[in-house]
Amino acid sequence: MPEEIYSPGLEGVIAGETAISTVSGGLSYRGYSIEELARHGTFEEVAYLLLYGELPGAEQLDEFRKRLKAAAQVPRPIIDALRQIPPATAAMDVMRTAASMLAHWDPDVNDNSHEANVRKAERLLAQLPVVMAARHRLKQGKEPVPAESGRSLASNCLYMLFRADPSPAHVKAMDVSLILYAEHEYNASTFTARVIVSTLADLHSGIAGAIGALKGPLHGGANEKVMDVLQAVGKKENAEKWIRDALARKEKIMGFGHRVYKEGDPRAVYLKELCDELARETGNEDLETTSDVIQRIIWEEKKLPPNLDWPSGRLYYYMGLPIELYTPLFVLSRVAGWSAHVIEQLDNNRLIRPRARYIGPARRPWVPLADR
Ligand code: ACO
């Protein structure tokens, strides 16, 4: 038995090996810096890189896009089920249910070979945007809009939601946010997926579990909660007092702090540039100023930098996206990273089963019911 090591929340613990991404020396996916990927790449290229290990050549990218397009539909019974789910159900809960249901129609569901897992991952990448958009439209009493060939995944997400041609600026913003959200080492949801498949369960089980883990406001759910903060603050003149009071009450401000990035989240720095651009374009400069004030006060008071969810919440807001879809959008992107981890785990599996430090009562004798 190795020496007992304990770190609450597993902070600082190396829980496994990965060749997919690292936060050391700035975030990189398979050796490419996140800044370069976001500035020069497309989400499809990044998803391919995560799943296959290398950037695609032109022909490989073309084939990959064709496969995604062919898979961008969901079985009719799932659309019917989406109609039946009570309207008040959170969009993230619907995504989790849909990931689970999609398994029932997947021809490779119980095949854990590398090739089958890549095929399943590609299908989920294509299907989850269809689910998100279909559910959103059905809830509004509108029929789903099928994906259009010739559009990127980012463009189709917007098109399927609004049945309108999205502006190039919105497609770019969506594409960059998908790239930045796609992968992040051993975060809570990815680790959940790895734990699940380490029992030799299937990829869909891992993804459904990961969606459940992502939902929480300490993780992906924060991108929706940042809008609660901004809306509660209201005018920019209120920002300083509101935040100082909230911090004095020891409230956690969503979109700030990170388990790993103590000096700043590189993803948030880049997305802030896009927020500034879209805020100008959509007449939301005041909201951007409010956000800047909040950011300055939290840094002054707590030395906490913003994480990716702080700018991404605003970016989606400027794009006119419904708030309850912010975390599902995170799902559409992170399914690439989760799947890459599931594949990596199953390619070289060892059951993930840590120990717990016992802090309960010492051994004691059984007490018969009559004596209790
Ligand atoms: N607002 C106010 N104070 C904070 C915040 C915050 N957002 N985050 C951390 N702190 C404070 C804590 O209260 C604690 O203060 P103390 O030392 O006075 O008690 C100190 O900073 C350390 O914080 P921990 O909670 O121990 O840090 P941990 O590494 O466990 O948590 C986490 C990281 C969960 C992200 C935390 O910063 C948080 O809750 N942030 C808000 C939620 C959020 O934005 N999540 C998104 C994460 S990024 C992503 O999923 C893409």
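Me: Which residues of helix 2 are buried?

Reply: In this predicted model, the buried residues of helix 2 are F43, E44, V46, A47, Y48, L49, L50 and L51.

Me: What makes helix 2 mostly covered?

Reply: Helix 2 spans residues 43-52, and eight of its ten residues are buried. G53 follows helix 2 and has a positive phi, near 95°.

Me: How do you know that helix 15 is mostly covered?

Reply: Nine of the ten residues in helix 15, residues 309-318, are buried. They are D309, W310, P311, S312, G313, R314, L315, Y316 and Y318.

Me: What covers the buried residues of helix 15?

Reply: The cover includes helix 8, helix 11 (222-233), helix 13 (266-282), helix 14 (285-302) and helix 16 (326-347). Just after helix 15 comes G320, with a positive phi of about 75°.

Me: Why does N187 count as buried?

Reply: Buried means under 20% relative accessible area. N187 has 11% relative accessibility, so N187 counts as buried.

Me: Where is N187, and what is it in contact with?

Reply: N187 sits in the loop between helix 8 (168-181) and helix 9 (188-197). Neighbours within four places in sequence aside, N187 is in contact with H219 and R334.

Me: What makes the pairing of the N187 and T190 side chains a polar contact?

Reply: A polar contact needs a pair of N or O atoms within 3.5 Å, one able to donate a hydrogen and the other to accept it. The side chains of N187 and T190 make such a contact at 2.9 Å.

Me: Why does M160 count as buried?

Reply: The cut-off for buried is under 20% relative accessible area. M160, at 2% relative accessibility, therefore counts as buried. M160 belongs to helix 7, residues 153-162.

Me: Which residues does M160 touch, not counting residues up to four places away in sequence?

Reply: M160 touches P129, V130, A133, R137, V145, P146 and A147. D245 is 85 residues from M160 along the chain, and the C-alpha atoms of the two are separated by 42 Å.

Me: Why is K250 called exposed?

Reply: Exposed means over 50% relative accessible area. K250 has a relative accessible area of 71%, so K250 is exposed. K250 is in the loop between helix 12 (239-248) and helix 13. Its phi is near 65°, a positive value in a residue other than glycine.

Me: Why is K303 called partly exposed?

Reply: Partly exposed lies between the buried limit of 20% and the exposed limit of 50%. The relative accessible area of K303 is 48%, so K303 is partly exposed. K303 lies in the loop between helix 14 and helix 15. K303 is not a glycine, yet has a positive phi of about 55°.

Me: How many helices and strands does the protein chain have, and why is the chain called as compact as a globular protein of its length?

Reply: The protein chain has 16 helices and three strands.

Me: What share of the residues of the protein chain counts as buried?

Reply: Of the 372 residues, 51% count as buried. The accessible surface of the protein chain comes to about 18,100 Å², and carbon and sulfur atoms hold 54% of that surface.

Definitions and conventions
Residues are numbered from 1 along each chain as its sequence is written. This is a predicted model: local features need pLDDT of at least 70, side-chain atom pairs count only at pLDDT 80 or more; totals for chains, interfaces and linings use all residues. Side-chain values use heavy atoms; hydrogens and water are left out. Buried means under 20% relative accessible area, exposed over 50%, partly exposed in between (1.4 Å probe, protein chains only). Helices (H or I, at least four residues) and strands (E, at least two) are DSSP runs, numbered from the N terminus. Accessible areas come from the Shrake-Rupley method with a 1.4 Å probe; for residues, only the protein chains shown count as cover. Contact means heavy atoms within 4.5 Å.
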